[in-house]
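Hello,

Please find the structure below. My notes on it follow.

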Amino acid sequence: MSYALELAQQQILERLAQAVEGGGDLPLNYAPPKVAADLAAPLFPLAKVRRQNPAQLAQELAQQLDFSGTLIAEAQPAGGFLNFRLDPQAFAQQVLEDFRQRGDGYGGSTAGEGKTVVIDYSSPNIAKPFSVGHLRSTVIGNSLYRIYRFLGYRVIGDNHIGDWGTQFGKLLYAYDRWGSEEKVTADPIRELLALYVKYHQVVEEDPSIDQAARDWFRRLESGDEQAQSLWQRFRDLSWREFERIYDRLDVSFEEVLGESFYNDRLDAIVAHCFDSGLAQWSEIEARGGAEDGPAEAGDSEAGNQDAGGPEAGDAEAGDAGSAGPGLEKVAVIPLDSTGIELPLIIQKSDGTSLYATRDLATIRHRLDAFDPERILYVVGNEQKLYFEQLFAAAELLGWRAQMAHVPFGLIRLPQGKMSTRKGRVIFLEDVLDEAVRRAEAVLEDRELPDDEKRAIAEAVGIGAVKYADLSQTRTKDVLFDWDKMLNLQGDSAPYLQYATVRIRSILRKAQKEGVAQEGEGSASPSDLASEWQSPQERALLSSLARFPAVVRNAADGNTPHVIASHLITVARDFSSFYKELSVLHAETQEQVAARLELCRFTEVVLEQGLHLLGIRCPQQM
């Protein structure tokens, strides 16, 4: 279905196309706030093609266009622009009809029907705790998952766990040399992290232990019983911790496979690359200490991006390592034909795999299992080159799916980037606990049962943390700041949650006082629309009408922040409406019914918008 605003835009473009060649291709923008119009079309490109003065063209078109029987009241020339004003009554009636037709699904569509999207997000490494650095991939990916589902797509949320690679040789070596069974049993994840940090402290003084770590990984790849047993134990302990965090974040997945799942497919992938004539053997300069491993949030001095590429600070996106200087023979896919200078390295000289090998195997699995139209990788900015290489290689192999890197900036500490190796990490669970503690302090004077107060604080605190991330343009870095991240006032999730709760309270009071029946009002859309005459009512209705386009734009750009921003606009417009106009004690019953309908409508949009951001809304605050 076409929503009211989309229908109005279609009607404008249809009439422009009839009036002048190329008119149907003009861009339509929202008119600036101080302009007495709703939509505007810049005529400069069209006027240039027609060799005509833009202002003159605007005058001619304004006189020509006939909008009778549409949602448009009139067209007005404004210099080189043509401004359009919506018919308040017809437009309001159409918006309300859209709402009544879609109800709780208002803003959604069937645009993705029959199409599958795989979204690769979160992807932590085993044997390391969730840090704040994991937050961005997890919540951005989950929000995109919800947005695409709302638009009718079949969505596969895929958590590609980092459980393979030379870094696990490091951990096995560290545990074998310094590990304490008693400490690991008491606090497994933090103790494993401590071992990982100690390894990197020691290797700076004794680089020779890198070779021992590589030997442990070769033992793991070859099926050594001791290495496999330790690795499996670390994996099980880690996943138990991950699940607990995901439950608190209200995040789930359709597919959870570690890199290890693809281990027995790697030889076939390398062979296929050679059989296709794409791969070749090449000699590259070996880097002492360099290696392959999945990137881990908060894991590198080069950045804290999540899994999805070679481990930053160790190997470049196409690098392979060796224990000493000189040249090393490796299998590569040259990418010169695609305009990428660096080749993609798919096998080391000793026969061990790289992250790229495992990622190619992952792509092949996803294509075979899900036949997706597109695959999205929600991974940090710093893996841009790696994904360009990976996607170019997949295209050369003839693997046809739209693959896109959805990059995001780092989360930084005031004293610098997070680094698991340095031990400079803020644990995500500590952040969530602190957020909930602060929310509880805000709710301290509320007369609520303790268990209910705790549940509300959980929703408010975690919602605040999520919103602080999702409200940012995702490609920008986020400076970790307790006061900003956990601020429960202003441009925040608690502000949106409170607005939603307040509307629910109004609707409950209306039912209690017998002012309205449960569910939709009985008055017709035409009757209700005729009552929305005030600037506050029309401003709120306009914001609600824009919600479907905002959701669509969020999917088009993979940008959840546009939803967050729009929800703030809706909430503020509702606040102005509620402050200036009485709802339950309006002058006439018709006004009461119309304003209650606006309240219902606003509640649906706020609640649905919060859901698309992955933020729970409590029933009361």
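**Notes on the helices**

The axes of helix α19 (residues 535–557) and helix α21 (residues 589–612) come within 11 Å of each other and cross at roughly 30°. That makes α19 roughly parallel to α21, a term for angles under 35 degrees. This is a predicted model: local features need pLDDT of at least 70, side-chain atom pairs count only at pLDDT 80 or more, and totals for chains, interfaces and linings use all residues. Residues are numbered from 1 along each chain as its sequence is written, and side-chain values use heavy atoms, with hydrogens and water left out.

Ser543 counts as buried because its relative accessibility is 5%; buried means under 20% relative accessible area, with a 1.4 Å probe and protein chains only. Leaving aside neighbours within four places in sequence, Ser543 is in contact with His566, Thr569, Val570 and Asp573.

Helix α6 (residues 166–178) has 13 residues, which at 1.5 Å a residue should span 18 Å; the end C-alpha atoms are 18 Å apart, which agrees. The expected span is 1.5 Å times one less than the number of residues. Ten of the 13 residues of α6 are buried, among them Phe168, Leu171 and Tyr175. What covers them includes α7 (181–186), α8 (188–205), α9 (209–221) and α10 (225–249).

Regards

Note on methods. Helices (H or I, at least four residues) and strands (E, at least two) are DSSP runs, numbered from the N terminus. Buried means under 20% relative accessible area, exposed over 50%, partly exposed in between (1.4 Å probe, protein chains only). Contact means heavy atoms within 4.5 Å. Axes are lines fitted to C-alpha atoms, for helices over the stretch in contact, and angles run from 0 to 180 degrees between N-to-C directions. Angles under 35 degrees count as roughly parallel, over 145 as roughly antiparallel, 65 to 115 as roughly perpendicular and the rest as oblique.
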